[in-house]
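This briefing collects selected computed features of the structure shown below. The points are grouped by topic.

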Amino acid sequence: MNTFGKKLTLTTFGESHGKAIGCILDGVPAGLKIDEAFIQSELDRRKPGKSKLETGRKEDDRVEILSGVFEGLSTGTPIAMVIFNTNQKSKDYDSIKNLFRPGHADFTYFHKYGLRDYRGGGRSSARETAARVAGGAIAKLMLQELGVAIQSGLCEVDGIKAEKIDFAHAKGSKLYALDPNKEAQQEAAILTAKEAHDSVGGVVLTTATGVPVGLGEPLYYKLDAVLADAMMGINAAKAVEIGDGIASTHLKGSQNNDPITPEGFKSNHSGGILGGISNGDTVIVKTHFKPTPSIFKEQETVTVDNEPTVCNLKGRHDPCVAIRGAVVCEAMMALVLADMALLNLGKKMDHLKALYPTH
Ligand SMILES: Cc1cc2nc3c(=O)[nH]c(=O)nc-3n(C[C@H](O)[C@H](O)[C@H](O)COP(=O)(O)O)c2cc1C
């Protein structure tokens, strides 16, 4: 199951230490201006090695468009994109060939398929998320033309919560920190864990503004359900909240309901979604990431023959995957909203009549 979406579908391929990773994005309407520099800039935001808060692995992540674009415009045919892997150090993984790394997909892939590509986790590696970011960048270009803007940032690192949400600040922060007053403390927590050969978790806040009323397909393709699916499917994501999420379960109905006025909603506890359909307010999603499983402390595990052993990892890893995860959250939100925008077409007779006017 390597395809995501209904009308706008993203299929990704490739492994961490294979020749390349890539994607096919199908369903993009013809005539969309494809800004290749923008797609590359999105990949650059996700790529590793930008600071000491990230893995030292240096991937160039150069994206090449193979099809579906002619003279800078989408042609309405599948858009294929490829990113060649250039910085694999497969030798780093020799020592884990016959054992399962705790917190990784090694155990489950091996038992499900009977074999596994142990180099960097193969297909289970978050390297695959670069392909999602490439597809998501095109979805963002589509949404931009509809006036929808997506932003993200870290609202929590190692339990240190943001008290202020400043997306403009997050853009320039190396840990995409939303609260300038908490940034130093959050950065210190990441570096302290890194020095101790450990890792920390974090929470990404992703929002979409300018979303029209009506996106989301009840009953089994509701906007909130599909966003939760999209975010939970990101490597290391362990929980997703829509709007106030868990906090709303601690409120009274009188506190949680968003009053409606002729000018719009007075508050946004719902995260811009009611009954699985966007209500025109900002769509708000929080994605909780676990601490990076690859740590450089000795860990108890078993071999592929179920013999007890210990795991001592080498290689290069992010001490907090939520940082680069933020860019992936944006991509997944863009893919969902662009898909929902296409699915919503023709939902009313007047949509259809506008599309096919009588002669
Ligand atoms: C952007 C991103 C980068 C990641 N980089 C690493 C990494 O360098 N090292 C690591 O051990 N895990 C990394 N992960 C997490 C693992 O891929 C993930 O935890 C693992 O495949 C097990 O899957 P699960 O946590 O979803 O169960 C990363 C996740 C994301 C979203």
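In this predicted model, G5 is in contact with Y221 and D339, leaving aside residues up to four places away in sequence. G5 itself sits in the loop that joins β1 (3-4) to β2 (9-14).

**Loop residue E217**
- E217 is located in the loop between β10 (202-209) and α6 (223-232).
- With a relative accessible area of 12%, E217 is buried, because buried means under 20%.
- Residues up to four places away in sequence being left out, the contacts of E217 are K222, L223, G276, M340, L343, N344 and K347.

**Helix α8**
- Helix α8 covers residues 322-343 and has 22 residues.
- From the first C-alpha of α8 to its last, the helix reaches 30 Å, which is close to the 32 Å expected at 1.5 Å a residue.
- Of the 22 residues of α8, 22 are buried, so the helix is largely enclosed by the rest of the structure.

**Cysteines**
- The count of disulfides is 0.
- C155 takes part in no disulfide: the nearest cysteine sulfur belongs to C329 and is 10 Å away, whereas a disulfide requires sulfur atoms within 2.5 Å.
- C155 counts as buried, at 8% relative accessibility.
- C311 also counts as buried, with a relative accessibility of 1%.

**Nonpolar surface patch**
- A nonpolar patch on the surface is formed by M349, L352, L355 and Y356, which together have about 450 Å² of accessible area.
- One of its members, Y356, lies in the segment after α9 (349-355).
- Y356 has a relative accessible area of 59% and is exposed, because the class of exposed residues begins at over 50%.

Methods:
Residues are numbered from 1 along each chain as its sequence is written. This is a predicted model: local features need pLDDT of at least 70, side-chain atom pairs count only at pLDDT 80 or more; totals for chains, interfaces and linings use all residues. Side-chain values use heavy atoms; hydrogens and water are left out. Patches are made of residues with over 30% relative accessible area and no salt bridge: like charges are joined within 9 Å, nonpolar side chains (Val, Leu, Ile, Met, Phe, Trp, Tyr) within 5 Å. Accessible areas come from the Shrake-Rupley method with a 1.4 Å probe; for residues, only the protein chains shown count as cover. A salt bridge is a side-chain nitrogen of Lys or Arg within 4 Å of a carboxyl oxygen of Asp or Glu. Helices (H or I, at least four residues) and strands (E, at least two) are DSSP runs, numbered from the N terminus. Buried means under 20% relative accessible area, exposed over 50%, partly exposed in between (1.4 Å probe, protein chains only). The expected span of a helix is 1.5 Å times one less than its number of residues. Contact means heavy atoms within 4.5 Å.
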